[in-house]
Amino acid sequence: MAANMYRVGDYVYFENSSSNPLLIRRIEELNKTANGNVEAKVVCFYRRRDIPGTLIALADKHARELEEEMENPEMVNLPEKQKHQLRHRELFLSRQLESLPATHIRGKCCVTLLNETEALKSYLDREDAFFYSLVYDPQQKTLLADKGEIRVGNKFQADITDLLKEGEDDERDLEKLEEKVWDCSSSLTEKQIDQFLVVARSVGTFARALDCSSSVRQPSLHMSAAAASRDITLFHAMDTLHATGYDMTRAIAALVPQGGPVLCRDEMEEWSASEANLFEEALEKYGKDFTDIQQDFLPWKSLTSIIEYYYMWKTTDRYVQQKRLKAAEAESKLKQVYIPNYNKPNPNQLRTAGSGPPGSGQTPSLGRACESCYTSSSYQWYSWGPPNMQCRLCASCWTYWKKYGGLKMPTRLEGERPGPNRNSMSPHGLPLRHSSSPKFAVKTRQAFYLQTTGLTRLARRLCRDMIRPRYLARHPYLPVNTAAIKAECALRLPDSPKKPSPAKAVRRQPLESVVRYLGSLTPIKSSPILNNGSPTILGKRTYEQHNGLDG
């Protein structure tokens, strides 16, 4: 019951597609719509596969710097497979909010802010555990460090001086270390000090009546007196009393110098009504993120001024009214919602003859192996990737794919970014590239064939030991140094016999007999088979397809 109860602040999985990985969100609000359904207002978290490729390098650089700061030898010696899986646990926080139906929730997870004292490997040992350290802005396409990061480590600690030994003199200049601003042992009594503060508030009220430059129009004497009774006036009065040696006559004279009474104003009086409204609007959007408030709403104000105004604003009736209003809105909203387990079959489920529950002792059905772990036995299979590729995942790897957005095993191809790239597929399902461009291009349906030159065919025979055609046929992704083969062929060509060995003659049937033969055959639906000794077809697919193209 508690596992299916979701509350505000929970990190949850959302499903928006049966074939795509689950979304990771944090519940901010639970609202009931007019038709009785429950909608969740959530904060978005993004995976590596969701951010642009230009920001992946920036994220990798930040990860390397973080490893250097942590000085953790375990990260250096971590196997490639675990490093690959650790990238699936990294998320990117965003300020973006969206509303999703609560019925699309598929479970809970845990997301924490990474700090230098935490071992990254600990996330691999925990199920449904993720971390983040960067903030992604989908509109601006930027990646920044989270300002809420807690700086822990030796270089962030204060330097503590050594304890003085007995009889040792302190050589520091104590006057530069501290300044005395009030003497409790003065000759003035508490009553005399209170009387002086009343005089200072009266002078402040009169000074506001004479001031014409104030941004706030004082509607009454009570408002002026209230403004003069703020802390800024009292601090000035006590500083004046201390500066005059606690001489009441000199202190009162300092409050009203030759040019008129001294006026002390704080941020509450310096800000105009329009600026106060902008601040409240920004606080509603960003919370206490004062840097963003300054950049987007109040760029002409200093960060110190905004922070000081915030803490003074919290003492006003305006803050109390807004707090009561939010409390009333929170009372009307849902605190939690119960979502039952989702038991409907997935459309990507494959029905095989040998399928059955775990432990049923079924024989592995014929077909391609799992694209992630290469097993050929599973109680349930799921189609994965483009439909024409006929790829599939076992039950365990499918669960991993849905939760973590990648495959368990690292890809063989380096330098490519995981994520869908639907424009890279031709109508025949083959990824193509232009010879002069690194980007994918779409091939037309026009038939074509490759015709080699006579020198190329001759080089295949003369340099067979260098080409190793059988080995390259099993490893089609390995590059071939054609320049070296061409140079070697030029050296061996004079030593070769003048008359090359005749090719084996192949007797070919006429076209009419081939057409009659094909017309007599009945179509047979072939089942997928293993790829000629290779458990998967990874060697014929790009990194994008390996990480779930088209779902």
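Glu15 pairs with Lys402 in a salt bridge, with 3.1 Å between the closest N and O atoms; the term stands for a side-chain nitrogen of Lys or Arg within 4 Å of a carboxyl oxygen of Asp or Glu. Glu15 sits in the loop between β2 (11-14) and β3 (23-32) and Lys402 in helix α15, so the contact ties together parts that are 387 residues apart in sequence. Helices (H or I, at least four residues) and strands (E, at least two) are DSSP runs, numbered from the N terminus. Glu15 counts as buried at 15% relative accessibility, and Lys402 is buried too, with a relative accessible area of 7%. Here buried is under 20% relative accessible area, exposed is over 50%, and partly exposed is in between (1.4 Å probe, protein chains only). Arg106 joins in as well: Glu15, Arg106 and Lys402 are linked in a network of salt bridges.

The model is a predicted one, in which local features need pLDDT of at least 70 and side-chain atom pairs count only at pLDDT 80 or more, while totals for chains, interfaces and linings use all residues. Residues are numbered from 1 along each chain as its sequence is written, and side-chain values use heavy atoms, with hydrogens and water left out.

Across the whole structure, a search turns up 16 salt bridges. One of them joins Arg26 and Glu28, at 2.9 Å from N to O, and Glu28 is partly exposed at 32% relative accessibility. Asp60 and Arg48 form another, their closest N and O atoms being 2.7 Å apart. That pair links distant parts of the chain, 12 residues apart, with Asp60 in helix α1 (residues 53-70) and Arg48 in the loop between β4 (38-46) and α1. Asp60 is partly exposed, having a relative accessible area of 25%, whereas Arg48 counts as buried at 11%.

Back to Glu15 and Arg106: along with Leu22, Tyr342 and Lys344, they lie nearest the centre of the second largest pocket, which has 30 lining residues. On a 1 Å grid over the protein atoms alone, a pocket is an open set of points where a 1.4 Å probe fits, with protein on both sides within 12 Å along at least five of seven lines; lining residues have an atom within 4 Å of a point. This pocket has a volume of about 790 Å³, a volume being the space filled by probe spheres set on the points, which are joined across faces, edges and corners. Domain 1 (5-145) and domain 4 (346-351 + 367-411) both contribute to the lining, so the second largest pocket lies between them; the domain bounds come from an automatic or database domain assignment. Helix α15 supplies the largest share of this lining, with five residues. By type, the lining splits into 14 nonpolar, 10 polar and six charged residues. Nonpolar covers Ala, Val, Leu, Ile, Met, Phe, Trp, Tyr, Cys and Pro, charged covers Asp, Glu, Lys and Arg, and the others, Gly among them, are polar.

The largest pocket holds about 1400 Å³ of space. It lies between domain 1 (5-145) and domain 3 (273-338), because both give residues to its lining. Of its 41 lining residues, Arg95, Glu284, Lys285, Tyr286 and Gly287 are nearest the centre. Helix α14 (residues 317-332) gives the most to this lining, namely seven residues. The lining of the largest pocket comprises 19 charged, 15 nonpolar and seven polar residues.
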